[in-house]
Amino acid sequence: MIALDGVTLRHPTLPGAPNDAGVLALDGIDLRVAPKERVVLLGANGCGKSTLLKILDGLLIPGAGDYRFQGEAVTQASLRQRDFSRRFRAQVALLFQHPEAMLFHPTVLEEIAFGPKQLGMEGPEDRARAWAAHMGLSKHLETPPYLLSGGEKQRLALAALLAVEPQLLLLDEPTAHLDPRATGWLVDFLADLDITLVVATHVLSLAPELGSRAIILGEDHRIAFDGPLEAALADLDLLVAANLAHTHRHRHGDSVHRHFHVHDWD
Amino acid sequence: MNRDTFWLLIYLAAVLAGTLVHDPLWLGAAWLVCLLLAGPQRLRLLRKTLAAIVLFNLTVSVGYLIVASAQHTFAGAYLLLVNLRVGWLTFLAFWLASRVHLPRALAFAPNLARLLTVAYAMTLRLLRLHQDHKLAQRSRTLAPPTLQERIAMSAAGAGHVLDRATHAATEVTQAMRSRGLFEGNQP
C-alpha cells in the first residue's frame with residue numbers, strides 16, 4: 001500500500017536561524033506498509049514523526065526519494081491532477097496532533113458531512129448523524145466545533161475523517177491531549193477499525209494496544225528499528241538510543257544508583 | 001433563508017440606513033428604538049458600546065473641537081451626529097454578535113462561513129495564549145514591572161503570539177488540503 005524509497009526532507013529555516021541549508025527532518029527513509037497493517041511510529045520529539053505522516057498524506061513533498069501509494073507516485077504533479085487527488089484524499093486521512101486545526105465548519109453536523117458531500121457519497125447528512133451518534137456527539141450537531149472540549153474535538157475530527165471510509169488512517173500523537181478515559185476510549189475504538197493504521201506516539205505503554213509493528217525514528221532522523229513491536233520494547237539500549245527511555249537516579253537511604261527507566265512502560 | 005441570515009440582512013440594511021440619516025434627532029430616535037428592542041441585554045450592550053467607543057470618540061471630538069474652533073467652523077449638531085453614528089453602529093454590531101451565529105448566517109457562502117469559523121477559532125486560541133502569557137508574567141514577577149520591562153514583555157508576548165499564529169495557519173491550511181478543500185470539489 002505504502003512504499004517510501006530514500007525519502008529525505010529538510011524544512012526551510014526561518015529568518016535568523018543559524019543554518020540556512022534547512023533543518024533536516026527525515027533522512028533516507030525506506031518503508032513498506034501492507035494493507036490492514038497496524039504500524040506504531042515511535043520516536044522522541046523532533047525526530048520527524050509528524051513530517052513522515054504529512055508526507056504519507058501528500059501534504060509535504062520530499063526533497064529526495066520517492067513515495068508511492070498503491071503503486072502510484074505521489075508527487076506535486078500527481079496531486080495537481082484532479083482524479084488522482086480526489087482518489088488519494090478519499091483513501092488517506094490524517095488526524096492532526098491538534099485536531100482543532102482540522103475543524104473549519106460552523107457546526108458539528110457540517111464538519112462531518114463535508115467529506116461525504118465532497119466525494120459525492122449518498123446521504124451525507126444521514127451519514128454525518130450516524131457518525132456523530134457513534135462518537136457520542138449527537139447532542140452537539142448544531143454546536144460550533146470550537147466550543148467543544150478537547151476530547152470532543154478529537155472525536156469530531158475522527159468522525160469527520162472516518163465518514164469518508166478511508167483505507168489508510170494516519171494518527172499524529174492521538175492521545176497527546178486526552179485524559180485517561182478518552183485515551184481508553186480511543187484505543188478501544190482504533191482496535192475495532194479494520195483499515196491500515198499508522199500511529200505516531202512516544203507513549204510506549206500504549207504502543208502494544210495500537211499496533212504490532214514498530215518503526216522507531218532515531219534522533220538522526222533515520223529509521224533506527226523496523227520490526228515486531230515486542231522486540232523493540234524489549235531492547236532497552238535501542239529505546240535509550242532513540243530517546244524513548246532514559247537513565248534515572250534513585251536514592252535508597254544513603255545510597256544513590258542509576259538505572260534505565262521507561263516512565264510509562266515497565 | 002435561515003433566521004441568522006435574515007438578521008444579518010436586517011443588520012446590513014440598518015447600517016446602510018444609518019449612514020443615510022444626517023439629522024441627530026432621527027439618529028437619536030433610531031438609538032432609542034434599538035435600545036427598546038434590544039430587550040433585557042440592553043444595558044450590558046450599552047456599557048460594552050460605551051467602553052468600546054469612549055477613547056475613539058473623545059479623541060475625534062476633542063480634535064474636531066480644536067480644529068473647528070480655530071477655523072471658526074464649529075457645528076455642535078455635526079459633532080453630536082458623528083458621536084451618535086459611531087455609537088449606534090457599534091451598538092448594532094454588538095447586538096448582532098449577541099443574537100446571530102455569524103457562520104450560520106453566511107450559510108449561502110460556504111467558503112466565507114469556513115473562513116469566518118477558522119478566524120474565530122484562531123482568535124480564541126490566540127487570546128488564550130495571550131492570557132496565559134500575561135498570567136505567566138505575573139506569576140514570575142515579584143515587583144510591578146517598569147515601563148521598559150513592560151515593553152520588553154509585550155514585545156516578547158506579541159512575538160510568541162505571531163509565531164504561534166503563523167504555525168497554526170500553516171497547520172490549518174495543511175488540514176484543509178488533507179481533507180480535500182482545495183481540490184475543487186467542495187460542496
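Predicted model: local features only at pLDDT ≥ 70, side-chain atom pairs only at ≥ 80, totals over all residues.
Reader: Which elements of chain A touch chain B?
Author: Helix 3, helix 4 and helix 6 of chain A each give two or more residues to that side.

Reader: And how do the residues on that side divide?
Author: The side of chain A that touches chain B has 14 nonpolar, four polar and nine charged residues.

Reader: How many salt bridges between chain A and chain B?
Author: The count is three. One partner pair is R179(B) with E111(A). Their closest N and O atoms are 2.6 Å apart.

Reader: How much area do chain A and chain B bury between them?
Author: About 2,700 Å². Carbon and sulfur atoms carry 56% of that.

Reader: Which three residues supply more of chain A's buried area than any other three?
Author: F104(A), Q118(A) and Y146(A). Together they supply 27% of the area that chain A buries against chain B.

Reader: How many residues does the contact take from each chain?
Author: It takes 27 residues from chain A and 27 residues from chain B.

Reader: Which one gives the most to the largest pocket?
Author: Helix 7 of chain B, with six residues.

Reader: What's the split by class in the lining of the largest pocket?
Author: There are 12 nonpolar, 15 polar and seven charged residues.

Reader: OK, the second largest pocket. What volume, and which residues are closest to its centre?
Author: The volume is about 390 Å³. Of its 15 lining residues, H98(A), E100(A), R125(B), R128(B) and R164(B) are closest to the centre.

Reader: Which elements give two or more residues there?
Author: Helix 6 of chain A, plus helix 6 and helix 7 of chain B. Helix 6 of chain B gives the most, with five residues.

Reader: You listed E100(A). Which residue meets its side chain in a salt bridge?
Author: K153(A). The distance is 3.1 Å, N to O.

Reader: Where do K153(A) and E100(A) sit in the chain?
Author: K153(A) is in helix 6 of chain A. E100(A) is in the loop between strand 6 and helix 4 of chain A. They are 53 residues apart, so the pair links distant parts of the chain.

Reader: How many salt bridges over all chains?
Author: The count comes to 16.

Reader: Which residues lie nearest the centre of the largest cavity?
Author: R89(A), G115(A), V164(A), S178(B) and R179(B), out of 13 lining residues. R179(B) also forms the salt bridge with E111(A).

Reader: How does that lining divide?
Author: The largest cavity has seven nonpolar, four polar and two charged residues in its lining.

Reader: And the second largest cavity, what lines it?
Author: From chain A, E100(A), A101(A) and L103(A). From chain B, V118(B), A121(B), M122(B), R125(B) and V172(B). The space is about 60 Å³.

Reader: Which element gives the most to that lining?
Author: Helix 6 (residues 110-139) of chain B, with four residues.

Reader: Last one. How many nonpolar, polar and charged residues line the second largest cavity?
Author: Six nonpolar, no polar and two charged. E100(A) and R125(B), both in this lining, are also among the residues closest to the centre of the second largest pocket.

Key:
Residues numbered from 1 in each chain as written. Chains lettered and ligands numbered in written order. Heavy atoms only, no water. 1 Å grid on protein atoms, 1.4 Å probe; cavity = no way out; pocket = protein on both sides within 12 Å on 5 of 7 lines; lining within 4 Å. Nonpolar A, V, L, I, M, F, W, Y, C, P; charged D, E, K, R; others polar. Points joined across faces, edges and corners; volume = space filled by probe spheres on them. Contact = heavy atoms within 4.5 Å. Buried area = accessible area lost by both parts, 1.4 Å probe. Salt bridge = Lys/Arg side-chain N within 4 Å of Asp/Glu carboxyl O.
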